[in-house]
Amino acid sequence: MVSDIMDAIGRGARAAAPVLELAGSDQKIVALRAAAAALRARRHKILAANERDMQEAREAGAGAPLLDRLRLDEARVEAMARALEDIAALPDPIGTVLAEWSRPNGMRIQRRRVPLGVIGIIYESRPNVTADAGALCLKSGNAVILRGGSESARSNAAIHACLGEGLQVAGLPGASIQLVPTTDRAAVGYLLAEMSRYIDVIVPRGGKQLIERVQREARVPVIGHLEGLCHVFVERAADLSMAQKILLNSKLRRTGVCGAAETLLVDGGCAPTHLAPLVRALLEAGCEVRGDEATRACDARVIPAAEQDWSTEYLDAIIAVRVVDNLDAAIEHIRRYGSHHTDCIVTEDPAAAEGFLTRVDSAIVLHNASTQFADGGEFGMGAEIGISTDKFHARGPVGVEQLTSYKYVVRGNGQLRP
């Protein structure tokens with residue numbers, strides 16, 4: 001039964017958690033480096049498993065964005081291995097003293113970083129999440145229960161075997177990183193509603209429906225990641241050449257990632273010179289453009305935008321384009337339609353840039369840089385579990401430090417409270 005499988009996994013994770021909290025930094029480094037070596041050594045098995053997942057997804061009629069997220073190749077397997085090595089090289093956060101002070105009565109107080117405990121991670125499509133999430137949790141001293149999507153089950157299992165080999169080499173419990181072995185959807189419901197005695201926090205990574213379900217049904221805290229409704233705002237002082245390059249990279253480098261731009265806003269002050277070239281560049285690169293009246297007037301190939309286009313995460317080669325009056329109007333549009341994920345301004349005006357960076361309430365705001373930098377690896381975190389749009393606990397890329405909490409350690413010599 002699913003309940004028996006999940007309870008066994010939960011008990012294993014709960015038993016492994018205190019072992020990981022006390023594990024030395026060197027031991028975790030050995031595990032991660034051995035897992036990276038196993039990924040490289042077993043890459044042909046991983047790719048064969050992935051091809052079976054891909055074939056099944058194609059037969060089921062999966063669209064191009066999902067297939068791109070699901071697909072592995074030699075370069076992506078190597079990127080997973082390098083990410084594990086990058087995570088291994090990060091400073092070990094556990095035991096770090098965040099603050100320290102003394103009280104007038106002689107007591108000494110420390111705020112010390114500790115693991116969260118047991119983390120449940122529910123994700124879809126991307127097999128690399130198996131490696132990234134397992135490695136980040138291990139480095140941060142947490143046991144983890146991974147529940148990937150059925151569409152990537154074979155790929156996830158092949159990658160998980162490499163993580164298990166790393167744990168074995170380092171002498172760490174195999175239950176430190178567990179992959180739910182069943183694709184039965186009941187396992188997700190049980191994980192959310194019946195495992196609060198085992199799990200301390202849940203991190204969902206996937207589409208809007210998955211995130212909403214987890215936030216609705218989970219009985220433990222959730223580190224949330226809503227959809228990536230990312231904007232590029234080309235302000236009136238923008239360099240056109242730079243704006244074009246940033247826009248194309250933000251939208252088309254990989255359309256299926258959460259940091260892909262979904263809306264282009266063009267300042268009315270530069271629309272006469274900038275709008276048509278930007279729209280033409282998108283169209284000629286194979287991107288469908290859905291625009292407002294001003295955008296349609298500049299190119300007959302533009303499709304009329306409907307109201308829902310301003311709040312749609314396409315994850316495809318489609319973008320919505322609108323001309324706005326000024327900086328204030330751009331910020332208001334982002335406030336109304338955005339998801340607090342990642343938003344960018346392109347401008348040579350420092351005051352406009354600072355106003356945008358200060359006033360746009362998103363986890364990541366950028367000036368003159370592609371929205372596709374919304375990635376823990378690009379932030380120097382080695383990898384990430386996701387981009388949190390929450391404001392409590394973790395916001396932005398969820399890396400090693402974001403998977404920890406802290407406790408207060410108080411030392412006295414007999415003090416009594418009067």
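Mentor: A charge sits over a ring if NZ of Lys or CZ of Arg is within 6 Å of the ring centre and within 35 degrees of the ring normal. In this predicted model, arginine 322 lies over the face of tryptophan 310, at 4.1 Å from the ring centre.

Trainee: Over the ring of which tyrosine does the charged end of arginine 111 sit?

Mentor: The ring belongs to tyrosine 406, and the charged end of arginine 111 is 5.6 Å from its centre. Tyrosine 406 also belongs to one aromatic cluster with Trp101 and Tyr408.

Trainee: How many aromatic pairs are there?

Mentor: Rings pair if their centres lie within 6.5 Å. By this rule there are 3 aromatic pairs. One of them joins tryptophan 101 and tyrosine 408 edge-to-face, with 6.4 Å from centre to centre and 75 degrees between the planes.

Trainee: Why does this pair tie together parts that are apart in sequence?

Mentor: Tryptophan 101 belongs to strand β1 (residues 97-102) and tyrosine 408 to strand β16 (residues 404-411), so the pair ties together parts 307 residues apart in sequence. Tryptophan 101 is partly exposed, at 33% relative accessible area, and tyrosine 408 is partly exposed as well, at 45%.

Trainee: How is the pair of phenylalanine 233 and phenylalanine 356 arranged, and what is the angle between the planes?

Mentor: Planes under 30 degrees apart count as stacked. Here the angle is 20 degrees, so the pair of phenylalanine 233 and phenylalanine 356 is stacked, with 6.3 Å between centres. Phenylalanine 233 lies in strand β7 (residues 230-234) and phenylalanine 356 in helix α14 (residues 350-359), 123 residues apart.

Trainee: Are phenylalanine 233 and phenylalanine 356 buried or exposed?

Mentor: Both phenylalanine 233 and phenylalanine 356 are buried.

Notes
Residues are numbered from 1 along each chain as its sequence is written. This is a predicted model: local features need pLDDT of at least 70, side-chain atom pairs count only at pLDDT 80 or more; totals for chains, interfaces and linings use all residues. Side-chain values use heavy atoms; hydrogens and water are left out. Rings of Phe, Tyr and Trp (its six-membered ring) pair if their centres lie within 6.5 Å; planes under 30 degrees apart count as stacked, over 60 as edge-to-face and the rest as tilted. Helices (H or I, at least four residues) and strands (E, at least two) are DSSP runs, numbered from the N terminus. Buried means under 20% relative accessible area, exposed over 50%, partly exposed in between (1.4 Å probe, protein chains only).
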